[in-house]
Amino acid sequence: MPIIYELAESRSVSVGSTTRSLTLSWIVTGTASEDAAYLLVLAATLPAVGRLTRTDVKLDPKVGGVWLAEVTYSP
């Protein structure tokens, strides 16, 4: 059964004069499927945080059915 949890070093915020973004870092374990990992990340994260909208999901495969995921929110 796949498991997802947010990493302790998550919630990186970038603020510029005209831009702002938030990046959440997650780890997914227990699946070798990219699609399953992606759907699990979508289910675990909100579509919007404050005025920021989920705009990007990045998956980085590791060994043994482990994935590192980054979810970016921007205006």
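These are my notebook entries on one predicted protein model.

**Entry 1: confidence.** The mean pLDDT of the protein chain is 94, and 100% of the residues reach 70 or more. I then looked up where confidence is lowest and highest. Strand β2 has the lowest mean, 88, while strand β6 (residues 66-74) has the highest, 97.

**Entry 2: the elements.** I listed the secondary structure next and found 1 helix and 6 strands. Reading from the N terminus, I wrote down the order β-β-β-α-β-β-β.

**Entry 3: a hairpin.** I went back to β2, the strand with the lowest mean confidence. Which strand does β2 pair with? I found that β2 (residues 12-15) pairs with β3 (residues 20-29) in the antiparallel sense, over 4 bridges. A hairpin of 4 residues joins the two.

**Entry 4: the whole chain.** I zoomed out and noted a box of roughly 40 × 20 × 15 Å for the C-alpha atoms, taken along the principal axes. Of the 75 residues, 29% count as buried. I also checked contacts between residues at least 6 apart in sequence, and 50% of these join residues at least 24 apart.

**Entry 5: surface and charge.** The chain exposes about 4,800 Å², and carbon and sulfur atoms supply 56% of that area. Last, I looked up the charged side chains: 6 are positive and 7 negative. The centres of these two sets lie 11 Å apart.

Note on methods:
Residues are numbered from 1 along each chain as its sequence is written. This is a predicted model: local features need pLDDT of at least 70, side-chain atom pairs count only at pLDDT 80 or more; totals for chains, interfaces and linings use all residues. Side-chain values use heavy atoms; hydrogens and water are left out. Two strands pair if DSSP finds at least two bridges between them. pLDDT is the predictor's confidence in each residue, from 0 to 100. Buried means under 20% relative accessible area, exposed over 50%, partly exposed in between (1.4 Å probe, protein chains only). Contact means heavy atoms within 4.5 Å. Accessible areas come from the Shrake-Rupley method with a 1.4 Å probe; for residues, only the protein chains shown count as cover. Lys and Arg count as positive and Asp and Glu as negative; His and the chain ends are not counted. The place of a charge is taken as NZ of Lys, CZ of Arg, CG of Asp or CD of Glu.
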